[in-house]
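This briefing is meant for a reader who has not looked at the structure before. Please view the sequence and the model first, then read the points below.

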Amino acid sequence: EVWDNFVGSSNVVAGVIDTGIDYDHPDLAANMWINPGETAGNGLDDDGNGWVDDIHGINTITNTGDPNDDNNHGTHCAGTIGAVGDNGIGVPGVNWDIRLAAAKFLDNFGSGSLDNAIISVNYFTALKNNGVNVVVLNHSYGGGGAPGASITAAFQAATNASIMHVIAAGNDASDNDST
């Protein structure tokens with residue numbers, strides 16, 4: 001019933017911090033964010049943000065602007081957030097009309113470093129501070145122990161820039177209320 005009244009807004013950017021996004025996927029391609037400050041494939045950092053050809057986001061593992069997914073988890077998450085709806089393909093996302101940007105910090109096995117997670121959060125905060133309407137960051141990955149000062153500071157800076165965090169819980173089948 002909600003979709004009868006509202007299917008999202010192409011003025012909103014959701015950052016997916018995960019294994020990347022298959023930005024050519026038929027249910028996602030139309031909703032991928034395109035960096036207006038970059039010229040695709042010219043090998044230059046046109047917008048001066050430290051990332052070459054970051055058209056759809058970044059890959060912190062290879063230090064490139066190519067966040068293509070080689071694991072499919074990030075693509076799955078992106079689909080839940082913003083797969084195109086009412087197109088006869090697959091399953092619609094919550095927002096049929098949204099822009100999806102990727103920060104790939106998890107490899108094809110789903111492993112990654114805390115440092116690269118921090119770089120990913122900071123990338124989206126910098127985008128927001130430079131006029132890109134990043135509204136939410138999706139974090140659907142695990143980790144152990146209490147967060148350290150560096151990741152806490154990165155999350156706080158994003159929050160201070162009015163970016164909301166959506167974080168997966170329960171992936172380990174544990175009782176989060178008792179933990």
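The model is predicted. Its protein chain has 179 residues, 42% of which are buried. The secondary structure comes to 3 helices and 5 strands.

**Order of elements**

- Read from the N terminus, the elements of the protein chain follow the order β-β-α-β-α-β-α-β.
- The strand β1 covers residues 8–18, and β2 covers 57–59.
- The helix α1 spans 73–82.

**Overall dimensions and contacts**

- The radius of gyration of the protein chain is 16 Å, which agrees with a compact globule because a globule of 179 residues would have a value near 16 Å.
- Along the principal axes, the C-alpha atoms of the protein chain fill a box of roughly 45 × 40 × 30 Å.
- Among contacts in the protein chain with a separation of 6 or more, 66% are between residues 24 or more positions apart.

**Surface**

- The protein chain has an accessible surface of about 9,200 Å².
- Carbon and sulfur atoms contribute 52% of that accessible surface.
- Val2, Trp3 and Phe6 make a nonpolar surface patch of about 330 Å².
- Trp3, one of the residues in this patch, is found in the segment before β1.
- The relative accessible area of Trp3 is 39%, so Trp3 counts as partly exposed, a class that lies between the 20% limit for buried and the 50% limit for exposed.

**Two loop residues with positive phi**

- Asp53 has a phi near 55°, a positive value in a residue that is not glycine.
- This residue, Asp53, sits in the loop between β1 and β2.
- Asp53 counts as buried because its relative accessibility is 16%, and buried means under 20%.
- Asn63 is not a glycine either, yet its phi is positive, at about 55°.
- The loop between β2 and α1 holds Asn63.
- Asn63 counts as exposed because its relative accessibility is 57%, and exposed means over 50%.
- In terms of cover, Asp53 is buried, whereas Asn63 is exposed.

Note on methods:
Residues numbered from 1 in each chain as written. Predicted model: local features only at pLDDT ≥ 70, side-chain atom pairs only at ≥ 80, totals over all residues. Heavy atoms only, no water. Helix = DSSP H or I, 4+ residues; strand = E, 2+ residues; numbered from the N terminus. Buried < 20%, exposed > 50% of the residue type's maximum accessible area, 1.4 Å probe, protein only. Rg over C-alpha atoms; globule rule 2.2 N^0.38 Å. Contact = heavy atoms within 4.5 Å. Areas by Shrake-Rupley, 256 points an atom, 1.4 Å probe, with all protein chains shown as cover. Patch = residues over 30% accessible without salt bridge, like charges linked within 9 Å, V, L, I, M, F, W, Y side chains within 5 Å. Salt bridge = Lys/Arg side-chain N within 4 Å of Asp/Glu carboxyl O.
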